[in-house]
Every structure is written in structure tokens, then in C-alpha cells.
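Subject: Structure handover

Hello,

Here is the structure you asked for. My notes on it follow below.

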Amino acid sequence: MQLVKTTRDTLLRPLQIVSGIVERRHTMPILANILIRKEGESVSFLSTDTEVQITTNADIGSGADVTGTTVAARKLLDILRALPEAGDVTMTLLNKRLTVQSGKSRFALQTLAAEEFPTVQQAESFTASFQLPQKTLKHLFNMVHFSMAQQDIRYYLNGLLLVLDGNKVIAVATDGHRLAFCQVETDQNFAREEVIIPRKTIIEMQRLLEENDDPVSLDIAASQVKLTFADIELISKLVEGKFPDYTRVIPKGYTNNFTIGREELLRSLQRAAIMTSDKFKGVRCIITPGSLKISSTNADQEEAVEELEIDYGGDSVDIGFNVTYLLDVLNNLKCDQVNVALGDSNSSALISIPENADFKYVVMPMRI
């Protein structure tokens, strides 16, 4: 039975959309597969790791039959990528084997039954539903994603806190050493709601979202979030747990602050970082009226010193930071200048964008 007949690129796109979450090594071998369902011309492609599920559709079906199967995602993707761009591709299902053919190239792949594929159970009701433009949601995630923890024992940090509050949608991420906060205003009004979206889902959404004004529908349930945009539906389990109170972490009332060119500061820190070691990424910052001095040393007694002129008339502050945390935020921002606010050498620093209250980045000091 012929499932699909189309061009290589038309078939490649939905496979690339769903294959990002497929695990090569899994306790359930079928999860290395994607589920392909055909109803007449409509063909759906679905992948899941039991935590996240992605579905997309394409009108590339051949014939009026209704059928389904599962096949190894990576193998099928590798085959299609290796085929010539020109020419049609057909996929045929016969005797539990999927045959992919293009010109004189032919591949026969093993399949597993569609009925055995464990799809994620969708929530029956949602506590909140709203829409944002794709580029707005992508911006929210981009501004904070780098502060998410990776495999932290405090599992609630391995994700992003999404907050609905009045007319604002807020994203917050922290790994316990730094915290990133970003908010956008909408023309909608929300009851207060907080959910933690897993790290893997955020990374996948950044890959899938595009810089356009097309809407993304977000539906939040007690333990699940559903995101629908273009011809893609992504369902993700939420992380259970209590996220730290970010409002208490963000410093207020600092009087020692200065504004500096983002690119200038980034380049100086990149040069100073050369002299740090893999085990110790500390840089020392000495801020005095009119001057910012950045220095780093390593176990071989090598040293880097950078001096920058700044418009600053506050207290002298001698403070150390993990340079990676500073580079992460400066690389991620697109603004010309950043504002740095400080307390003393034992207090966290606050990095923000001048005349913009929608983004804040807090970084803890380290002993040098």
C-alpha cells in the first residue's frame, strides 16, 4: 500500500519537525520510531519520549486508504537527507516493511505496529488559554533559556517558569547561581497562573518557532501544556515543584550603577576569559569612579588585565564573577548598551537594558 508520493523536501520538513525529541537510546525501542498515520491525502507524523509529544501534518498522502505504522526516525531522516533534491519520493507499506524509493534508489525498513505506539494522553480541560505571536514567544524563551539548570537535583530548576499575571506574560529561569527574567505585555488579561515548562520542551520550541506574527495558542492544564502553531502541535508534561520566588531574588534600590557598551564589555570579558581554567572560570572586577578593571589569573601564574573607562561615581566595589555567566547574557542580548547595578562585593549584580524594565539578569558573586 502506497502511503506517500511527494518531493524529497516536502517529506523532509515534517520529519525534521518531529524528529528533534526522538531518543536514540530508550528503554522502549518503539520510542526511537515516529508514528505515521495516513487518512486519504492527509498524513500525520508524531514523535514522543512520553514527556513531550510533537505532531505535524502534510497533504502528501497517496490514495484514499486509512492506515498507520511506525518506523525508525533517524534512519528515515538520514535516507531522505542523502537522496538527491530533485525527483519524487514514494513510501510504500507492505508486509510490515516500509519501502522508500526515489529514482533507482530503494530502501526497505522494518516497522513496528502503530497500535503499540505510546502517545501522550491529552488533558480534558485547561485552566488557561491564550495566544501570542510566534516571535514574541520565541523572544521570551530566548531571553532566559540560558539560565535554566541542567540535570540539577532540584528538578524544578530544570525548566522555565511561565507566569500569567494581569496583562503580562513572564518567563523566568535560574540554576541557583544566576537568574534571568523577561516579560511582555499583551492585550489579554489573565488570572495569576504559574507553570514550569521542562528544559527539553523550551529547547525544542526555540528550534520550531519562527520570527513571524503568526499566532501560537497555549493551553495550560494542571500537569500539561499544549502549544499549537502553524501545522504543529506540541504537548508537554509540566514540571511539578515550587519555583523560587524570583521577586525576592531580583535586587532593588542599588545606587552603584553604570551603563556600558555591550560589545565593549563582551570583548573585554572574552579576552580575560582566555586566562581562566576549565575548573575555575572566575574573573575579578574592580569598579572605581571612572574605571572598570577586569582581571583573571590561572594556576600557571598567568594574568590578563582589561581596563575600561566608565561613567561612574559610586562606591568602589571589588567583586568576582563566573565569567561564563556574564558572557552568556551579553552574547544573548541584542542591545547596544547594558546597565550594571551593584551593592557590595558579597551581593549579586543586576544587569539590565537601559530604560527597559522588561528584562533583568541577576548573577551571584564568587570568591576570587
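A polar contact is a pair of N or O atoms within 3.5 Å; within protein, one atom must be able to donate a hydrogen and the other to accept it, and residues adjacent in sequence count only if both atoms are side-chain atoms. This is a predicted model, in which local features need pLDDT of at least 70 and side-chain atom pairs count only at pLDDT 80 or more, while totals for chains, interfaces and linings use all residues. Residues are numbered from 1 along each chain as its sequence is written, and side-chain values use heavy atoms, with hydrogens and water left out.

Threonine 111
The side chain of threonine 111 reaches the backbone oxygen of lysine 96 at 2.8 Å. Threonine 111 lies in strand β8, residues 105–112 (helices are DSSP runs of H or I with at least four residues, strands runs of E with at least two, both numbered from the N terminus). Its relative accessible area is 12%, so threonine 111 is buried (buried is under 20% relative accessible area, exposed over 50%, partly exposed in between, with a 1.4 Å probe and protein chains only). Neighbours within four places in sequence aside, threonine 111 is in contact with Thr69, Thr70, Leu93, Lys96, Arg97 and Leu98 (contact means heavy atoms within 4.5 Å).

Isoleucine 54
Isoleucine 54 belongs to strand β4, residues 52–59. With a relative accessible area of 0%, isoleucine 54 is buried. Beyond its neighbours within four places in sequence, isoleucine 54 has contacts that include Ile17, Phe45, Leu208 and Ile232.

Two helices
Helices α3 and α4 (residues 199–208) pack at an angle of about 135°, with their axes 10 Å apart (axes are lines fitted to C-alpha atoms, for helices over the stretch in contact, and angles run from 0 to 180 degrees between N-to-C directions). The angle makes α3 oblique to α4 (under 35 degrees is roughly parallel, over 145 roughly antiparallel, 65 to 115 roughly perpendicular, and the rest oblique). On the α3 side, the contact is made by Gln134, Leu137, Lys138, Phe141 and Asn142, and on the α4 side by Ile202, Met205, Gln206 and Leu208.

Positive phi
Glutamine 151 is not a glycine, yet has a positive phi of about 55°. It sits in the loop between α3 (134–144) and β10 (159–174), and at 80% relative accessibility glutamine 151 is exposed. Alanine 230, also not a glycine, has a positive phi of about 50°. The loop between β13 (224–229) and β14 (232–237) holds alanine 230, which is exposed at 64%.

Regards
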